[in-house]
Amino acid sequence: MLRWRGVIGGDKMTDSVIPINKCNQNQDQIDEKISNVFKKFEKSFTENSNPLYLDKCGEKVTLQEIQNTADIGDNSVVLIAVTREQYNMDNFSKYREYIRNALNKDTIYYGLWRNIEKNKTEWDIVYTIDAVSYDEIQKHLNLHNEINNGLAQKMALIIDKTGNWEIQNNENFNEMP
């Protein structure tokens, strides 16, 4: 959904929703759904939990479905989080805008990930790239530092054609602030 504030024909529009997806809900309703799901699972979510991802409509989606949606055949797809150390949805609109406008990506997912060091569950917004090369993944892991107050991404999740996943760590992570 694109949010637009402006004036048309002299009438002030307040937070209009221009539907560009097939969710049949506005972004506020979707955000409420995402928030409810995340709040339900975050307290019991551990590093041993199965990955939990939601699509742009706030519906649960499997890693296999994410890989299938990427429509890249037998190639792997990579999930890259834009968020870093987010524990609520306060900045989600900023991150969505960044993904759509700065990265020119349409496919957005929401996920929970356990930050073991801080003993908290992060609320992530992620996008996909084709697993073209190790270097390309590393580039994306370090691309969002500015929007995250200098924090780089720690890892990417690589999903193969069967829905199995592995982590690619950021080789520069320990050098980041």
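Me: A pocket is an open set of points on a 1 Å grid over the protein atoms alone, with protein on both sides within 12 Å along at least five of seven lines (1.4 Å probe). What volume does the largest pocket have?

Reply: The model is predicted: local features need pLDDT of at least 70 and side-chain atom pairs count only at pLDDT 80 or more, while totals for chains, interfaces and linings use all residues. Residues are numbered from 1 along each chain as its sequence is written, and side-chain values use heavy atoms, without hydrogens and water. With volume taken as the space filled by probe spheres set on the points, which are joined across faces, edges and corners, the largest pocket comes to about 530 Å³.

Me: Which strands each supply at least two residues of the lining of the largest pocket?

Reply: The lining (residues with an atom within 4 Å of a point) has 29 residues. Nearest the centre of the largest pocket lie Trp113, Arg114, Asp124, Lys154 and Met155. Strands (DSSP runs of E, at least two residues, numbered from the N terminus) that each give at least two lining residues are E5, E6, E7 and E8.

Me: What pattern does the chain follow along the sequence?

Reply: The chain has 4 helices (H or I runs of at least four residues) and 9 strands. Read along the sequence, their pattern is β-β-α-β-β-α-β-α-β-β-α-β-β.

Me: Which are the edge strands of the open sheet?

Reply: The open sheet has 7 strands with antiparallel pairing (at least two DSSP bridges between two strands), in the order E4-E3-E6-E7-E5-E8-E9. An edge strand pairs on one side only, and this applies to E4 (60-61) and E9 (165-169).

Me: What is the bridge partner of Arg114 in E7?

Reply: Strand E6, residues 108-115, pairs with strand E7, residues 120-130, in the antiparallel sense over 8 bridges. Arg114 also lies among the residues nearest the centre of the largest pocket. The partner of Arg114 in E7 is Thr121.

Me: Within what arc do the buried residues of H2 fall?

Reply: Helix H2 spans residues 63-70, and its buried residues (under 20% relative accessible area) are Leu63, Ile66 and Gln67. They line one face of the helix, because seen down the axis of H2 their directions to the C-beta atoms fall within an arc of 95 degrees.

Me: Which residue just after H2 takes a positive phi?

Reply: The phi in question is about 55 degrees. The residue with this positive phi, just after H2, is Asp71.

Me: How much of the chain counts as buried?

Reply: The chain has 177 residues. The buried part is 42%.

Note on methods
Buried < 20%, exposed > 50% of the residue type's maximum accessible area, 1.4 Å probe, protein only.
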